[in-house]
Amino acid sequence: MSQTVKVHFFGEFRLESGTASLNEETIHSKKVMKLMAYLLLNHDRMISAEELGELIWGNGGSSNPMGALKNLVYRVRSVLKQLGSEEYIVSGTGTYGWNHDIELRSDMSEFKYYAEQTRERSKDINEQIRKYEQAVACYEKPQTSVLTSDFWMSVRYTYHQSVYMKLVNELCELYSSVHAYDKIQNVCGYAMSCDELNEDTHYWLIKSWVGQGNIENALKQYDTAMKILYERLGIHRSQRMRELYDEILGMSKDIAQATMDDIYGEIQEEDPNGVFFCEYTVFREIYRLEARRVLRSGIAEFMILLTVVIDEKRMQTEPTRIQYYRKKAIDKLQLTLWRHLRMGDVAARYSEEQYVVMLSYCSYEAAQKVIQRITVNFNKIMGNNRIQIKAETREVSIHNELPLERKGGTEWIHEKKK
């Protein structure tokens, strides 16, 4: 073979020969780049003109698709001439394809090869780690919007990213077994830039701080993970994240003969103003404590469930816009609770469109006034009468349990304690 060409689909799309290179900027044309990428991706076969025409123009995109395709192929060949004098694209009877006399190397192919090598287990853990490091080093997050916007390419990018994230998870497990926590942070740092919604990556970053005994950074990373996963996906923490959180809390109790000052310093709240916001799992524990207190003291306490209700028929807008208004409304509801509830009250996000609030030392009549204050002020800052707040009231009682966490909105039905 006279020449070798390396094509990079990951990161910035580019081609490299021994003497020259091409990238998105030098290719310049979106159609030329799409056709070139498709021919390179399918370099092992000749492709019919009809398939290529459908790729570039779809149905009815050109009055003379065959003529337009010939012209586009000519432009691709002209651009590739910058790599050398070889004939990179060859043609047959109504077909086009990559010249098999020119060796083509692809970062996607290399990634696939090294990823498959990790399946061959080695008794030497360092050798196994080396295989994983080779595989993950081949991957970069795609940076070209020209290719990622097309389904035929985006589905490949999605697949390769899922393989990459799986490899990162397995590599971190190996790193953890040899206490290489700094390497976990390095590999997860880049993986996070590829997919910040991957729970495995968050887990290993937290785990790396735990492994180093750094409680402060472990808690910060945990809080960051919970905020991202809940706000973006609407999911609560998994069982293993709960266990990891318990492990972090357990670390702070390992100090021998802690003083009262140590304990106060650990539990002291930095800014004890306004309503106490917490996770729903914490809210359940506070509820159980308050239910016991109510039983003992006889002083009633009430809870309210606040649900954002959007009149979608009156809104007359697309679903994505409705979702935007829903997120905006729940943010405004949180702000309203912050401004208009007392310091002793407790609030937690219950679902994508709900907040649950516990009002301490509050009668039923006072609870209704609180609801009115919240709804009036919510309407003021929301400024949209098609978005309202539905409120339900229940008395705090030891005979009723709060329901488990749920992802979607729900009617509030108490579960009787057995």
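Which residues in α5 meet which residues in α6? The close-up views below come from a predicted model, and the first takes up this contact.

**View 1. Helix α5 packs against helix α6 through F111, Y114, A115 and Q117 on the α5 side.** Their partners in α6 are K131, Q134 and A135. By class, the residues of this contact are four nonpolar, two polar and one charged. Helix α5 covers residues 107–117, and helix α6 covers residues 125–137. Their axes come within 8 Å and cross at roughly 160°. Angles over 145 degrees count as roughly antiparallel, so α5 is roughly antiparallel to α6. The crossing of α5 past α6 is left-handed.

**View 2. The second largest pocket is lined by 15 residues.** Its volume is about 290 Å³. Three elements, α2 (30–41), α5 and α8 (151–177), each give two or more residues to the lining. The largest share is that of α5, with six residues. M108, S109, K112, Y159 and H160 lie nearest the centre of the pocket. By class, the lining of this second largest pocket holds eight nonpolar, four polar and three charged residues.

**View 3. Helix α8 packs against helix α10 at an angle of about 20°.** Helix α10 spans residues 199–211, and the two axes are 10 Å apart. Angles under 35 degrees count as roughly parallel, so α8 is roughly parallel to α10. The two helices make a left-handed crossing. On the α8 side, the contact uses M165, N169, C172, E173 and S176. On the α10 side are D200, T201 and W204. The contact of α8 with α10 divides into three nonpolar, three polar and two charged residues.

**View 4. Helices α16 and α17 cross at roughly 130°.** Helix α16 runs over residues 319–340, helix α17 over residues 364–382, and their axes come within 9 Å. The pair is therefore oblique. The crossing of α16 and α17 is right-handed. From α16, the contact takes in Y325, K328, A329, K332, L333, L335, T336, L337, R339 and H340. From α17, R373, I374, N377, F378, I381 and M382 meet them. Nine residues of this contact between α16 and α17 are nonpolar, three are polar and four are charged.

Notes: Residues are numbered from 1 along each chain as its sequence is written. This is a predicted model: local features need pLDDT of at least 70, side-chain atom pairs count only at pLDDT 80 or more; totals for chains, interfaces and linings use all residues. Side-chain values use heavy atoms; hydrogens and water are left out. Axes are lines fitted to C-alpha atoms, for helices over the stretch in contact, and angles run from 0 to 180 degrees between N-to-C directions. Helices (H or I, at least four residues) and strands (E, at least two) are DSSP runs, numbered from the N terminus. Angles under 35 degrees count as roughly parallel, over 145 as roughly antiparallel, 65 to 115 as roughly perpendicular and the rest as oblique. A crossing is left-handed if the near helix is turned anticlockwise from the far one by less than a right angle, and right-handed if clockwise. Contact means heavy atoms within 4.5 Å. Ala, Val, Leu, Ile, Met, Phe, Trp, Tyr, Cys and Pro count as nonpolar, Asp, Glu, Lys and Arg as charged, and the others, Gly among them, as polar. On a 1 Å grid over the protein atoms alone, a cavity is a set of points where a 1.4 Å probe fits but cannot get out, and a pocket is an open set with protein on both sides within 12 Å along at least five of seven lines; lining residues have an atom within 4 Å of a point. Grid points are joined across faces, edges and corners, and a volume is the space filled by probe spheres set on the points.
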